[in-house]
Amino acid sequence: MDKFEQIFRNNEIWVADKLEKDSEYFNNLVKGQSPDFLYIGCSDSRVTAEDLMGVQPGEVFIHRNIANMVVSIDLNVMSVINYAVKHLKVKHIIVCGHYACGGVKAAMQPADMGILNPWLRNIRDVYRTHKDVLNAITDEPARYDKLVELNVQEQCINVIKLAAVQEAHKERGLTVHGWVFDIHTGKLIDLKINFPKILSEIMEIYRLD
């Protein structure tokens, strides 16, 4: 049995396991979703939100792209955030990066990446913004790890700039968080993004209400 066929066999095993534990499992899934969390993470195949958070289907609304970016002209991520905030009424938005991120590393290589160039340029912009801090780190792997953290921070700021997020924070206390998944240890690291401080600092320019 090749890997493609094995996927369907795995699905059969998964369905049987769920029904053995709860005969109403899929009937309950059909009723709808009311997740508390929106997770914006990286598309890397080694980093799966449900596994690293220990959650079940229906508990987290998920969006993934290369290097967990929140780009204002990306209608995909903008639509996901709007739906999660306006319709699902999530209480928390999480931007989660991970160490050893191929997207972050690719962005800093002097190579033409074709159609990826404009996307990766957003990461280069993060580097430019924080170049003094990053250039002071002589160890290259450590510098990339720091860029991963700073990229998460900047994407959190991009989330906070959005009108729907500002409105939800004001009305019901929605909060934005920045995490990094340490792929070397399997641990989640809370970067402790100071949401109230960042919000107050950017509202002078990005206030939308």
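The side chains of Lys-146 and Glu-149 form a salt bridge, with N and O 3.8 Å apart; the term means a side-chain nitrogen of Lys or Arg within 4 Å of a carboxyl oxygen of Asp or Glu. The two residues are three apart in helix H8, and are therefore separated by about one helical turn. Helices here are DSSP runs of H or I with at least four residues, strands are runs of E with at least two, and both are numbered from the N terminus. Lys-146 is partly exposed, at a relative accessible area of 29%; buried means under 20%, exposed over 50%, and partly exposed in between, with a 1.4 Å probe and protein chains only.

This is a predicted model, in which local features need pLDDT of at least 70 and side-chain atom pairs count only at pLDDT 80 or more, while totals for chains, interfaces and linings use all residues. Residues are numbered from 1 along each chain as its sequence is written, and side-chain values use heavy atoms, with hydrogens and water left out.

The structure holds seven salt bridges. Another of them joins Arg-9 to Glu-12, whose closest N and O atoms are 3.2 Å apart. These residues are three apart in helix H1, again about one helical turn. An α-helix has 3.6 residues a turn, so residues three or four places apart point the same way. Both partners are partly exposed, Arg-9 at 40% and Glu-12 at 48%.

Lys-91 lies between H4 and strand S3 (92-98), and Asp-36 between helix H2 (25-30) and strand S1 (37-42), so the pair ties together parts 55 residues apart in sequence. Lys-91 is partly exposed at 47%, as is Asp-36 at 33%.

Next comes the largest pocket, with a volume of about 360 Å³. Of its 18 lining residues, Val-70, Glu-154, Gln-155, Asn-158 and Lys-161 are the closest to its centre. A pocket is an open set of points on a 1 Å grid over the protein atoms alone where a 1.4 Å probe fits, with protein on both sides within 12 Å along at least five of seven lines; lining residues have an atom within 4 Å of a point. The volume is the space filled by probe spheres set on the points, which are joined across faces, edges and corners. Helices H6 (117-129), H8 (140-160) and H10 (195-206) each supply at least two lining residues, and H6 gives the most, with five.
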